[in-house]
Amino acid sequence: MKKSKAPCALQTCLVCRQCLPSWMPAVREHRRNFGIKKGAVLFREGDPVKGIFFLEAGTVKVHKHWAEGKELIVRFARAGDIVGHRGVGGDLTYPVTATAMEVVNVCYFDLDFFNDTLRVNHELLYTLMMFYAAELQESEKRMRNLAHMSVKGRLAYALLTLKNKFGYDRDGFIDLPLSRQDLASYIGATYETTFRMLAAMTADQLIATSGRSIALTDEKRLARLMEE
């Protein structure tokens, strides 16, 4: 990681938005800003937890080993999101890996200061608790889908979820270009199966693709696939 010459504007992440004004000088003093290149690893599965990361700009995929030679993408994080929180508590090791999907700017707080911040700033603590609850619910849905939903249903669910999180770009595509392999890792399927399902959805005019970009052309029919 390369130290950023321009520190964050203290407006993007949860800490900046939810802390008491009187606590902000401490935030300004303890923050550390970094820039990482596309493909660089922020932290690895099994590493000891030393702090918490907030994304100021860019996108990160959070993933873990699933089977030999395979990975399961747990979530995608964008600007304003917290990364590394899954390692807090317990044995303080990261259960996942975080990899930059593009150039990413990060705001970092060491764990002791972050814990002190939570004790002082109750609004931040409440917001973080709601975030954990929502993430737990989403994780349970995804595990249910892996067990009971067809690959086409899981793909439809994933595309609608990504659209809701990232929205559309100015050309009408989901604002998160994805390789077919990353999409396969996100839905828990093989590359070949994912490729076939995308081709079938394109033929059925449910989606349109351009390189790594995907547009949803019939969201209602995609939603029905999740229920079949």
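Reader: What is the relative accessible area of D218?
Author: This is a predicted model, where local features need pLDDT of at least 70, side-chain atom pairs count only at pLDDT 80 or more, and totals for chains, interfaces and linings use all residues. Residues are numbered from 1 along each chain as its sequence is written, and side-chain values use heavy atoms, without hydrogens and water. Buried means under 20% relative accessible area, exposed over 50%, and partly exposed in between, with a 1.4 Å probe and protein chains only. D218 counts as partly exposed because its relative accessible area is 21%.

Reader: Which residue meets D218 in a salt bridge?
Author: A salt bridge is a side-chain nitrogen of Lys or Arg within 4 Å of a carboxyl oxygen of Asp or Glu. Here the N to O distance is 3.6 Å. The partner of D218 is R221.

Reader: How many residues apart in sequence are D81 and K165?
Author: Their side chains meet in a salt bridge at 2.9 Å, N to O. D81 lies in the loop between β6 and β7 (82-83) and K165 in helix α5, so the pair ties together separate parts of the sequence. Helices (H or I, at least four residues) and strands (E, at least two) are DSSP runs, numbered from the N terminus. The separation is 84 residues.

Reader: Is K61 buried or exposed?
Author: K61 forms a salt bridge with E71, with the closest N and O atoms 3.5 Å apart. E71 is partly exposed, at 22% relative accessible area. K61 has a relative accessible area of 13%, so K61 is buried.

Reader: How much space lies in the largest cavity?
Author: On a 1 Å grid over the protein atoms alone, a cavity is a set of points where a 1.4 Å probe fits but cannot get out; lining residues have an atom within 4 Å of a point. Grid points are joined across faces, edges and corners, and a volume is the space filled by probe spheres set on the points. The search finds four cavities of 30 Å³ or more. The largest holds about 90 Å³.

Reader: Which element gives the most to the lining of the largest cavity?
Author: The lining includes E138, R142, Y157 and Y186. Elements giving two or more residues are α4 (122-148), α5 (151-166) and α6 (180-187). With four residues, the top contributor is α4.

Reader: Where is confidence lowest in the protein chain?
Author: pLDDT is the predictor's confidence in each residue, from 0 to 100. The chain averages 88, and β11 is highest at 97. Where pLDDT is low, the predicted coordinates should not be read in detail. The lowest mean, 56, is in strand β1 (residues 2-3).

How values were computed:
1 Å grid on protein atoms, 1.4 Å probe; cavity = no way out; pocket = protein on both sides within 12 Å on 5 of 7 lines; lining within 4 Å.
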